[in-house]
Amino acid sequence: MKATIQERLLHFRQPAGTSRGVYTTRRSWLVTLTEGQLTGTGECAPLPQLSCDDLEDYAEVLRRFCDEVERTGQIDHEALRPYPSMLFGLETALMSLRSAAATHAAGPVLFDTPFSRGEVGIPINGLVWMGNYAEMLQRLEQKLEQGFHCVKLKIGAIDFEQELELVKRIRDRFSFHEVELRLDANGAFSFEEALYKLELLSQYVIHSIEQPIRAGQWAFMAELCRESPLPIALDEELIGVNDPEMKSHMLNIIKPRYIVLKPSLHGGMQGCREWIAAAGEQGIGSWITSALESNVGLNAIAQFTSAVYGEHITMPQGLGTGQLFTDNVDMGLEIRGEQLWRVKPGE
């Protein structure tokens with residue numbers, strides 16, 4: 001087996017704003033495993049200043065793990081726990097290689113599910129990036145016109161009163177039966193102001209808010225989860241918690257309503273399965289999103305989602321990022337209405 005690494009730089013169609021800054025490009029590493037005539041490719045894509053494996057010598061560390069896979073033909077999951085984006089890319093590449101015989105027009109079939117075969121779609125939310133009020137309003141209008149009934153707003157970058165007005169504007173037009181609203185603060189609130197802001201937002205029937213305060217404040221986050229009138233979902237809080245026992249321990253302390261999983265950030269596919277199992281034991285819900293990967297990573301995440309949640313997924317997932325880049329990889333993924341589909345063979 002031979003492993004090759006190709007660094008790629010993707011360019012956003014429009015700047016992608018979060019409370020941590022604005023992305024205009026996205027760097028990732030494609031790992032291709034070759035065995036005889038068969039190949040399989042996975043994507044390793046750490047998020048700058050967020051991933052626990054965002055390393056200056058990322059390519060060199062990845063090369064060492066690739067050398068080990070070349071030598072053994074296997075992935076050392078325990079050694080890769082601290083490197084979730086590398087683990088996810090290598091998991092994808094090896095699965096892709098081993099399923100090469102089942103590859104069709106939509107790329108490798110990693111899991112034999114109706115979605116992977118192009119028979120059903122996965123419901124997704126529409127994503128509205130941060131910007132000024134006018135930009136966010138325009139993006140919101142576009143998502144609603146496209147037919148999305150679940151819209152996620154990234155907040156925390158502009159004046160809170162303007163964000164509150166944007167939420168109010170949605171509710172003036174659409175009831176919670178018509179449009180489900182999710183919010184993602186990316187840790188933008190201070191603990192002292194968070195509960196007040198959550199109370200103001202709660203009057204507009206919000207499905208959930210992700211990571212209202214920055215990660216690493218377990219006691220404060222646990223208090224918010226107890227007192228908040230809005231369901232709280234953990235996202236960044238999960239990063240770097242790679243031990244299975246610690247995952248259960250953290251969830252037991254904080255007790256969120258939901259967790260939001262990204263394989264590139266939260267332990268690859270294996271790590272996300274552990275999170276889902278730990279959350280399920282405590283009655284905590286979950287959904288899966290991409291972490292701004294190219295379609296190579298998105299294809300794997302979507303198929304993984306269809307495998308872990310089954311054929312009839314009703315909760316919208318965060319998988320609508322395939323159209324963000326001007327120079328993405330074509331993997332036969334399509335958004336039809338408010339669902340993500342894979343192209344059937346021959347289409």
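Biologist: Is Gly36 buried or exposed?

Modeller: This is a predicted model, where local features need pLDDT of at least 70, side-chain atom pairs count only at pLDDT 80 or more, and totals for chains, interfaces and linings use all residues. Residues are numbered from 1 along each chain as its sequence is written, and side-chain values use heavy atoms, with hydrogens and water left out. Buried means under 20% relative accessible area, exposed over 50%, partly exposed in between (1.4 Å probe, protein chains only). Gly36 has a relative accessible area of 68%, so Gly36 is exposed.

Biologist: Where is Gly36 found?

Modeller: Helices (H or I, at least four residues) and strands (E, at least two) are DSSP runs, numbered from the N terminus. Gly36 lies 7.8 Å from Met1, C-alpha to C-alpha, though 35 residues separate them in sequence. Its place is the loop between β2 (21-35) and β3 (38-44).

Biologist: How far apart are the end C-alpha atoms of helix α5?

Modeller: The expected span is 1.5 Å times one less than the number of residues. For the 14 residues of α5 (160-173) that gives 20 Å. The model agrees: the ends are 20 Å apart.

Biologist: Within what arc do the buried residues of α5 fall?

Modeller: Phe160, Glu163, Leu164, Leu166, Val167, Ile170 and Arg171 are buried in α5. The arc is taken from the directions from the helix axis to the C-beta atoms. These residues line one face of the helix, because they fall within an arc of 155 degrees.

Biologist: Which residue caps the N-terminal end of α5?

Modeller: Look for a polar contact (a pair of N or O atoms within 3.5 Å; within protein, one must be able to donate a hydrogen and the other to accept it, and residues adjacent in sequence count only if both atoms are side-chain atoms). A side-chain oxygen lies 3.1 Å from the backbone nitrogen of Glu161. The oxygen belongs to the capping residue, Asp159.

Biologist: How many disulfides are there?

Modeller: A disulfide is a pair of cysteine sulfur atoms within 2.5 Å. By this rule the count is zero. For Cys52, the nearest cysteine sulfur, that of Cys272, is 12 Å away. The number of disulfides is therefore zero.
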